Amino acid sequence: MNEKFEARAMLVARKHGYPIEWQDLRFGFKRAVIECSSYEDIYAVEYLFRKMKDTWVEHWACSIGTFSGCVYIMDAADHEELERLQKEDQQRLEDWWTRYHFADKETRRLMACGAIQ
């Protein structure tokens, strides 16, 4: 995680009164999560953090029943690297399943127990 980005995000969130939490992601990355109580809060937080240079911002919301929403914030370069690593990992898994699907019974057994990658 980019420590400089983390410090900037904490400063901006604290300055505007938004509680910020950090969520661990795969491959050692982290992203900031700010809980919001309305769509207006979401839009305000997104606007605030989109003004920060080199920042990736995304939100999630559900308004069925009680409103629940949050804004995710991450260093743009870290997000790009995370996406690249996830795509590589997904490709590796798809390749493994394709080979497993077309393999004979013994090869499948060896792949299932990890003897063959």
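1. Let's start with Phe29 and its surroundings. Leaving aside its neighbours within four places in sequence, Phe29 touches Gln23, Asp24, Met74, Asp78, Glu81, Leu82 and Leu85; contact here means heavy atoms within 4.5 Å. Phe29 belongs to the loop between strand 1 (21–24) and strand 2 (30–36). Helices (H or I, at least four residues) and strands (E, at least two) are DSSP runs, numbered from the N terminus. With a relative accessible area of 11%, Phe29 is buried. The cut-offs are under 20% relative accessible area for buried and over 50% for exposed, with partly exposed in between (1.4 Å probe, protein chains only). Met74 is 45 residues away from Phe29 along the chain, and their C-alpha atoms are separated by 9.2 Å.

2. A word on what you are looking at. This is a predicted model, in which local features need pLDDT of at least 70 and side-chain atom pairs count only at pLDDT 80 or more, while totals for chains, interfaces and linings use all residues. Residues are numbered from 1 along each chain as its sequence is written, and side-chain values use heavy atoms, with hydrogens and water left out.

3. Glu58 has Tyr72 in strand 4 as its bridge partner, and Trp60 stands opposite Cys70 in strand 4. The hairpin of strand 3 and strand 4 has five residues between the strands, and there Gly65 takes a positive phi near 75°.

4. Which rings come together? The whole structure has five aromatic pairs. One of them is Tyr39 with Tyr43, stacked at 6.2 Å centre to centre with 25° between the planes. Rings of Phe, Tyr and Trp (its six-membered ring) pair if their centres lie within 6.5 Å; planes under 30 degrees apart count as stacked, over 60 as edge-to-face and the rest as tilted. Both Tyr39 and Tyr43 lie in helix 2 (residues 39–50), four residues apart, about one turn of the helix. Trp97 and Tyr100 make an edge-to-face pair, at 5.5 Å centre to centre and 80° between the planes. These two are three residues apart in helix 3 (residues 76–102), so about one helical turn separates them. Trp97 counts as exposed, at 53% relative accessibility. Tyr39, Tyr43 and Phe67 form one aromatic cluster.

5. The charged end of Arg31 sits over the ring of Tyr72, 3.7 Å from its centre, and Arg108 lies over the face of Tyr100 at 5.1 Å from the ring centre. The rule is that NZ of Lys or CZ of Arg is within 6 Å of the ring centre and within 35 degrees of the ring normal.

6. Finally, the salt bridges, of which there are eight. A salt bridge is a side-chain nitrogen of Lys or Arg within 4 Å of a carboxyl oxygen of Asp or Glu. Lys30 and Glu6 form one (3.6 Å, N to O); Lys30 lies in strand 2 and Glu6 in helix 1, so this pair ties together parts 24 residues apart in sequence. Asp89 and Arg26 form another (2.6 Å, N to O), linking helix 3 to the loop between strand 1 and strand 2, 63 residues apart. Asp89 counts as buried at 14% relative accessibility, whereas Arg26 is partly exposed at 44%. Arg26, Asp89 and Arg92 are linked in a network of salt bridges.

Methods:
Pairing = 2+ DSSP bridges.
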